[in-house]
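Please open your viewer and keep the selection tool at hand. We will go from stop to stop, and at each one you will hear what to select and what is there.

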Amino acid sequence: MIEIIGPLVHATAGTTATPAADASAAKPAPLQKQLIERLQQAILTGRLPAGSLLPSSRLLATEMGVSRNTVVIAYEHLAAVGYVFADRKGTRVSTLSSPAARGTPRAPSAAPEIAYASRVSQFEATRTHTENLYALTPGTPALDRFPLAAWRRALERAMERALPLALGYGTPAGEPALRDAIAAHLRVARGVRCDGAQIVITEGAQEALNLCVHLLSNPGDVAWAEDPGYRGAKAAFNLGDLSTVPIPVDSEGMDVPAAAWRAHPPKLIYTSPAHQYPTGAVLSVARRLELIAQARRCGAWIIEDDYDGEFRHTGEPIASMQGLVDDAPVLYVGSFSKTMFPALRIGFVVLPRAIAEQAAVALQEMLRGGHRLEQLALAHFIEGGEFGRHLGRMRRLYRERQQALRDALAEHFVSLFTARFASHVTSHAGLHAAPPQILGGDCGMHLTLRLPAWLCDRTLVERAHAEGLNPRALSGFALRASGETNGIVIGYGNTPAEQLAPAIRVLAALAREIEGEAVAGEPREASRSVGKSAAGGALKSRVKAGAEAKPKARTATTQRP
Ligand SMILES: Cc1ncc(COP(=O)(O)O)c(C=O)c1O
């Protein structure tokens with residue numbers, strides 16, 4: 001039997017139960033567990049075929065150098081889960097399903113061949129979560145400015161008042177106290193027409209988008225998405241097996257071609273009207289009204305994603321589309337990822353009243369009420385005024401940081417490029433002289449910088465990552481390949497104002513390096529990072545030699561895990 005299942009390893013001396021010692025096992029499992037696993041493996045891989053008789057417990061115990069009890073218990077366990085059975089002659093191996101179903105042994109490195117659902121291949125890798133700690137990451141708020149002490153108090157209060165009941169399942173649509181608090185806030189701050197009964201609490205905006213898809217569309221239906229646009233919306237449409245139609249975006253937001261209503265009548269329309277992601281455009285009132293009217297006419301639902309509309313930096317707050325007219329066919333989606341912190345994973349959708357009433361049964365079945373303590377704490381945080389105070393502080397902070405970013409771009413990027421373009425235009429056909437253009441900025445925590453075609457955004461971003469900076473490539477948000485979406489999306493939420501100028505100077509130096517390669521006609525491979533190359537070394541010293549130090553790779557308060 002030892003030849004078939006291999007020797008066991010004693011815990012005490014690190015020696016095997018047999019003369020064939022296995023000194024490599026530092027912390028061996030208990031003998032009984034080892035024996036069970038070895039026998040299971042031998043049966044699953046066919047080394048102990050169906051019907052074969054196992055040695056008696058006495059014999060096996062002697063052979064393996066363990067107590068008989070160890071073997072008896074192992075046999076009993078294997079019999080209980082069906083690997084073996086006892087008959088008149090002793091313990092035999094059961095007939096299991098076909099070898100294919102049991103899995104055939106393969107080389108440890110071979111990738112398993114899994115027949116994924118076709119929608120899986122539609123997803124593209126666009127980020128890793130560790131990058132979110134880098135400076136210039138779009139969409140990450142100032143985590144070090146979050147009022148932790150107040151939040152801790154809110155959580156403690158929820159625990160004192162709601163335990164142990166709040167450990168059980170909650171209302172599927174979320175804690176009524178939180179839904180009421182959100183409704184009260186939205187009516188005042190965002191002009192949303194709603195009460196708590198229309199609100200469903202979700203695991204961030206992403207689950208809210210999925211919920212809209214599941215409630216209101218069938219596989220094959222057409223969904224419109226902004227292009228360039230939020231990848232989370234595309235992911236939700238993929239999951240619903242919808243056919244996504246890209247709708248272009250200009251300086252007034254989503255620009256629906258008149259023919260699209262007839263050519264691709266939508267069931268769902270995703271838009272981020274307060275601050276288009278990622279271009280930052282504000283959807284004009286004329287377009288909002290037209291979208292609502294046409295959606296009504298063709299029976300479509302608009303999903304309004306108001307992910308960072310709370311952070312308005314210029315002029316009066318722009319109210320939601322949902323509240324623009326009576327009974328707008330709009331599902332208003334919100335998130336606390338920017339206003340609180342992303343790991344909270346609390347978002348919500350405000351359903352039109354009719355849907356909230358008619359879909360109540362479906363919602364009861366689709367959702368389970370959880371995260372009750374966090375929801376109760378958040379309700380208290382909002383009602384007690386902490387949330388409003390935090391928003392006010394963050395608005396001021398982001399405004400300051402945006403200004404610092406604009407100043408840095410003007411000083412180190414735009415002017416530098418305007419001058420250099422002019423000098424290259426005559427000498428190098430194909431490079432054009434338009435300076436990079438800054439988009440957005442009315443709201444939120446990022447600015448978008450359009451780049452000329454010769455300065456490939458993905459190359460710039462890849463080299464920036466090697467320097468510990470994490471702007472995103474605008475082309476990564478495009479639904480269709482198009483030269484118009486060449487740019488970088490620069491977050492300022494997570495980057496202190498004093499780090500912005502040095503960071504932008506690094507980006508400008510990288511851009512200059514790429515420009516030099518374009519002029520010389522020798523573009524480097526996008527995959528070669530600056531930090532690892534000789535050129536990178538040169539770049540780093542150029543940056544260091546400048547008036548200010550090279551930016552820290554990460555934000556002041558966060559460390560890469
Ligand atoms: C356009 C947009 N909508 C919504 C969200 C928030 O998503 P969630 O609440 O799932 O974190 C983000 C986050 O980056 C976003 O960029």
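Predicted model: local features only at pLDDT ≥ 70, side-chain atom pairs only at ≥ 80, totals over all residues.

**The whole chain**

Start with everything shown as a cartoon. The protein has 561 residues, and 41% of them count as buried. Its secondary structure comes to 18 helices and 14 strands. Among contacts with a separation of 6 or more, 71% are between residues 24 or more positions apart.

**The eight-stranded sheet**

Now colour the strands β3 to β10. Together, eight strands make an open sheet of mixed pairing, and their order across it is β3-β10-β9-β8-β7-β4-β5-β6. Which strands stand at the edges? They are β3 (199–202) and β6 (253–254); each has a single partner strand, so one side of each is left without a neighbour in the sheet.

Zoom in on the β3 end. Here β3 pairs with β10 (residues 347–350) in the antiparallel sense, over four bridges. Select I201 and you will find its bridge partner in β10, F348.

Next, select residues 301–305, strand β8. Is this strand buried or exposed? Five of its five residues are buried, so β8 is largely enclosed by the rest of the structure. Show the side chains to see both faces covered: W301, I303 and D305 are on one side, I302 and E304 on the other, and all are buried.

β7 and β8 run parallel as a pair, with four bridges between them. For a landmark, pick T271, which stands opposite E304 in β8.

Select residues 231–239, helix α9. This helix lies across three strands, β4 (222–227), β5 (243–250) and β7 (268–271), and runs at about 165 degrees to β4.

Now bring in α8 (residues 204–216). Packed helices are described by the angle between their axes and the distance between the axes. What are the two values here? The axes of α8 and α9 come within 9 Å and cross at roughly 40 degrees. That angle makes α8 oblique to α9, and the crossing is right-handed.

To see the contact itself, select A205, Q206, L209, N210 and V213 in α8, together with G232, A233, A236, F237 and L239 in α9. By class, the contact of α8 with α9 has seven nonpolar, three polar and no charged residues.

- Go to P164, in the loop between α6 (148–162) and α7. The peptide bond joining L163 and P164 is cis, with omega about 0 degrees.
- Move to P278, in the loop between β7 and α11 (285–298). Its bond from Y277 is also cis, and omega is near 10 degrees.
- Select L136, in the loop between α5 (99–102) and α6. This residue is not a glycine, yet its phi is positive, near 70 degrees. L136 counts as buried because it has 30 C-beta neighbours inside 10 Å, where 20 or more are needed.
- Then try H371, in the loop between α13 (360–366) and α14 (372–383). H371 too has a positive phi, about 45 degrees, although it is not a glycine. With 19 C-beta neighbours inside 10 Å, H371 counts as partly exposed.

**Last stop: around α16**

Finish with helix α16 (residues 457–466). Which of its residues are buried? They are D457, T459, L460, V461, R463 and A464. These buried residues pack against β13 (472–473), β14 (487–491) and α17 (497–520). After the helix comes G468, whose phi is positive, near 80 degrees.

W454 is partly exposed, since 18 other C-beta atoms lie within 10 Å. Draw a C-alpha to C-alpha distance from W454 to V519: the two are 65 residues apart in sequence and 9.6 Å apart in space.

How values were computed:
Residues numbered from 1 in each chain as written. Pairing = 2+ DSSP bridges. Helix = DSSP H or I, 4+ residues; strand = E, 2+ residues; numbered from the N terminus. Contact = placed C-beta atoms within 7 Å. Axes fitted to C-alpha atoms, helices over the stretch in contact; angles between N-to-C directions. Buried ≥ 20, exposed ≤ 12 C-beta atoms within 10 Å, placed from the backbone. Parallel < 35°, antiparallel > 145°, perpendicular 65-115°, else oblique. Left-handed = near helix turned anticlockwise from the far one by under 90°. Nonpolar A, V, L, I, M, F, W, Y, C, P; charged D, E, K, R; others polar.
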